[in-house]
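Trainee: I'm new to this one. Can we go through it together and check each term as it comes up?

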Amino acid sequence: MTETFDVAIVGGGPAGASTALHLVRAEGIRADRIVVVDKARFPRDKPCAGAVSQLGVDTLEAIGVRIEVPFVAMRGVRVRWEGRAGETPCAMGVVIRRTEFDAQLLDAARAEGVVVRDGEGLRAIERTPRGFRLSTTTESIRARLVAACDGAGSTTRKLLGLREPERKGHLYVLDTVPTASDDAPKRGFIDFDLSVLGEGLQGYYWDFPTIIGGAPHVCRGIYHANLAPGSDVKSALARALARRGIDIADVKLRPFSTRPFVPGSTLAQDGLVLVGEAAGIDHATGEGIGQAIVMAGIAARHLARALRTGGSSFDAYAHDVRVSTIGRHMLQSAWLARRVYARTGNPARRLLLRSAFARDAAMRWYNGSSLSWPTKVRLGLGLVSHAFRS
Ligand SMILES: Cc1cc2nc3c(=O)[nH]c(=O)nc-3n(C[C@H](O)[C@H](O)[C@H](O)COP(=O)(O)OP(=O)(O)OC[C@H]3O[C@@H](n4cnc5c(N)ncnc54)[C@H](O)[C@@H]3O)c2cc1C
């Protein structure tokens, strides 16, 4: 049997569920004309540190979604490097468990009347004169427009032959109960340890507060932006864990990849938008939940316009993503990752560690604010001063 929809959304994670919710609640598109297909049955496991930026939280609230699953409020950030630590208190959003959070978002879309087909993976997609025909593991769907929200390994991208412009980032993630070294997570601070940079990695080790089954835990892991090949990410993680009194052999560990958002990222084709990690995530931090939610709002606006006008070009969507707050930030991040994680990045790292002003600016930037020129000038002078001291 073939069913026909206006929009087929492939992937029901934060990008897919938020695209559906924005289409219905912000753009007034009929919910029963939208289908979401996901190969997993929800609630599904999604290994992730679960930090959702305040921008992501605010964007959800703007379409009437309040976070109803357990969360830990992020009260600030601590950065560690070269035996020093610098911390800044700041409301930064929340840490959630993805299994719970993603199920809440998809349930909200379902409750609106969106047709949700979880447990049905996309197998094939072909263009037709009136849009697309998608074959899932169990059925065939016709849709005028498609939103590819199927994450880092996007099947939609692969099936349509869209190229990948950049190598993927690598991560390992695990959860443990808090240990004696977790004074920052115990206070609701997210903790970034840059000492892994000295071990040939381009990234950081993290300790985030989280909540599992009502009990405080710490989500730990390592992010390697993978700017150059040949790094041993797992050994670096083993050493970082050992410094916290944890034996890597005692923990359940899983490796993952992320797709970075870079200047050459493909965001659209005729009749198709890529949203969330299918398009790319922040290259410096490896984060993308808030970005996916914001990008979903932009995608929904363009999908709705195309439905109203009968158009199918999404060049304006690609443009609008790139000039949006999250688009600009992710492009700046792709640029910064190459500098901050390089050996020549010492002045930038020292500035972040030693200057409360720099950390405060970084936190405002993380939360979606643009930095004023006086702030940029002061940061630039700080960088020059640390470069001279180095
Ligand atoms: C270890 C780790 C830690 C992370 N920590 C953070 C963090 O703390 N904060 C942050 O902001 N980001 C973090 N990220 C990144 C974050 O997980 C992604 O940015 C986010 O999941 C992107 O959401 P999405 O909806 O685009 O993709 P996903 O959440 O990956 O959702 C894609 C969906 O598509 C479905 N799908 C895939 N293939 C098919 C198919 N063939 N047919 C149908 N459905 C399909 C999948 O089942 C999935 O449900 C982390 C990533 C990793 C790996």
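Trainee: How do you know how far apart domain 1 and domain 3 lie?

Mentor: Their C-alpha centres are 35 Å apart. The bounds behind that come from an automatic or database domain assignment, which gives domain 1 as 2-50 + 97-166 + 265-330, domain 2 as 71-96 + 167-258 and domain 3 as 343-389. Residues are numbered from 1 along each chain as its sequence is written. Keep in mind that this is a predicted model: local features need pLDDT of at least 70, side-chain atom pairs count only at pLDDT 80 or more, and totals for chains, interfaces and linings use all residues.

Trainee: What makes a residue buried, and what share of the protein is that?

Mentor: Buried needs 20 or more other C-beta atoms within 10 Å of its own (12 or fewer is exposed, in between is partly exposed; C-beta atoms are placed from the backbone). Of the 390 residues, 48% count as buried.

Trainee: What makes a set of residues a nonpolar core, and how many are in the largest?

Mentor: The members are buried Ala, Val, Leu, Ile, Met, Phe, Trp, Tyr and Cys residues joined through C-beta atoms within 7 Å. The largest has 116 residues, and A8, V273, V275 and M295 have the most contacts inside it. Helix α7 (residues 289-309) gives the most to this core, 12 residues.

Trainee: Which residues is V275 in contact with?

Mentor: Contact means C-beta atoms, placed from the backbone, within 7 Å. Setting aside neighbours within four places in sequence, V275 touches A15, T19, A147, A148, C149, A292, M295, A296 and A299.

Trainee: How do you know that β12 and β13 pair?

Mentor: Pairing takes at least two bridges found by DSSP. Strand β12 (residues 203-212) and strand β13 (residues 215-224) have 10 and run antiparallel, so by that definition they pair.

Trainee: What makes β3 and β14 edge strands?

Mentor: The open sheet of 8 strands is ordered β3-β5-β4-β11-β12-β13-β10-β14, with mixed pairing. Both β3 (51-53) and β14 (254-258) pair on one side only.

Terms used. Helices (H or I, at least four residues) and strands (E, at least two) are DSSP runs, numbered from the N terminus. Two residues are in contact if their C-beta atoms, placed from the backbone, lie within 7 Å.
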